[in-house]
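Look at the sequence and the model first, then read on.

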Amino acid sequence: MKKIVLLRHGESVWNRENRFTGWTDVDLSEKGVAEAVKAGETLRKEGFHFGRAYTSYLKRAVKTLDVVLDRMDRDWIPVTKTWRLNEKHYGMLQGLNKRDTAEKYGDEQVYVWRRSYDVAPAPLPEDDPRNPRFDPRYAGIPDAALPRTESLKDTVARTMPYWECEILPALARHDELLVVAHGNSLRGIIKNLKGISDEAISEFNLPTAVPYVFEFDEGLGCVKDYFLGDPAEIASLMEAVANQGRRG
Ligand SMILES: O=C(O)[C@@H](CO)OP(=O)(O)O
């Protein structure tokens, strides 16, 4: 059975501080590194032998992948980094505390910014130093493709061509692939894999560093999906992610 494991990075420093992150290149927290170690050990115990891995241009994902491969003694496998797996760009919300933002604009508005399918936060201005057009890592990408903000729909339009043209075809050559990315870039991929509606995807929250396995048949159709870990613990981690944007 062909398998792709999706893994959200471990807790980042801004996850800990409950700040909108998006394309901000924030490092893992100590807890995030420990979560990555645990994910790597789980994947090793479950007998995974990834042939290839994919990640984003953002260090919280890259470092999570490095730790996982180290725990699996598979540092040697080919790894591809792509901006297309980056997190949803959070525009002007980047850097703001989620709970403070809910105090100011209300839980409903923050829910729309975080979880609606097609509403994007206000874009970064053209002259904002955080605008991706100033970042050398994106120099080879046409400016028109670089976001200043994104809805989940925009994120899907960026990730899915890569999924369909690069990741899925690689399953023909490898039995198991690992994709380490972000809460929303992975939600968009999961939405497509499972045929989740635009409305229902709003209620789906991905915890940090819990391996999510997808099994594929020979025609590369997705036949089964499951998290590795204790279901009650995973449900409570998902609920905690949902609550990050509420006044509390
Ligand atoms: O801030 C972000 O970039 C994302 C992921 O951490 O947050 P949210 O869960 O609010 O979409």
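Q: How many residues of the shell around the ligand are nonpolar, how many polar and how many charged?
A: The model is a predicted one. There are 13 residues around the ligand, and Phe20, Thr21, Gly22, Arg114 and Gly183 come nearest. Gly counts as polar in this grouping. By class, the shell has three nonpolar, seven polar and three charged residues.

Q: Are helices α6 and α7 roughly parallel or roughly perpendicular?
A: Helix α6 covers residues 152–170 and helix α7 covers residues 183–194. Angles of 65 to 115 degrees count as roughly perpendicular. Therefore α6 is, relative to α7, roughly perpendicular.

Q: How many residues of the contact of α6 with α7 are nonpolar, polar and charged?
A: On the α6 side, the contact includes Leu152, Val156 and Trp163. Among the residues that α7 supplies are Asn184, Arg187 and Lys191. Sorted by class, the contact holds five nonpolar, six polar and two charged residues.

Q: Which residue in β4 stands opposite Ala53?
A: Strand β2 (residues 52–55) and strand β4 (residues 176–181) run parallel and are joined by four bridges. In β4, the residue opposite Ala53 is Leu178.

Q: Which residue in β3 is the bridge partner of Thr55?
A: Strand β3 (residues 79–81) runs parallel to β2, with three bridges between them. The partner of Thr55 there is Lys81.

Terms used
Residues are numbered from 1 along each chain as its sequence is written. This is a predicted model: local features need pLDDT of at least 70, side-chain atom pairs count only at pLDDT 80 or more; totals for chains, interfaces and linings use all residues. A residue is near a molecule or strand if its C-beta atom, placed from the backbone, lies within 6 Å of it. Axes are lines fitted to C-alpha atoms, for helices over the stretch in contact, and angles run from 0 to 180 degrees between N-to-C directions. Helices (H or I, at least four residues) and strands (E, at least two) are DSSP runs, numbered from the N terminus. Angles under 35 degrees count as roughly parallel, over 145 as roughly antiparallel, 65 to 115 as roughly perpendicular and the rest as oblique. Two residues are in contact if their C-beta atoms, placed from the backbone, lie within 7 Å. Two strands pair if DSSP finds at least two bridges between them.
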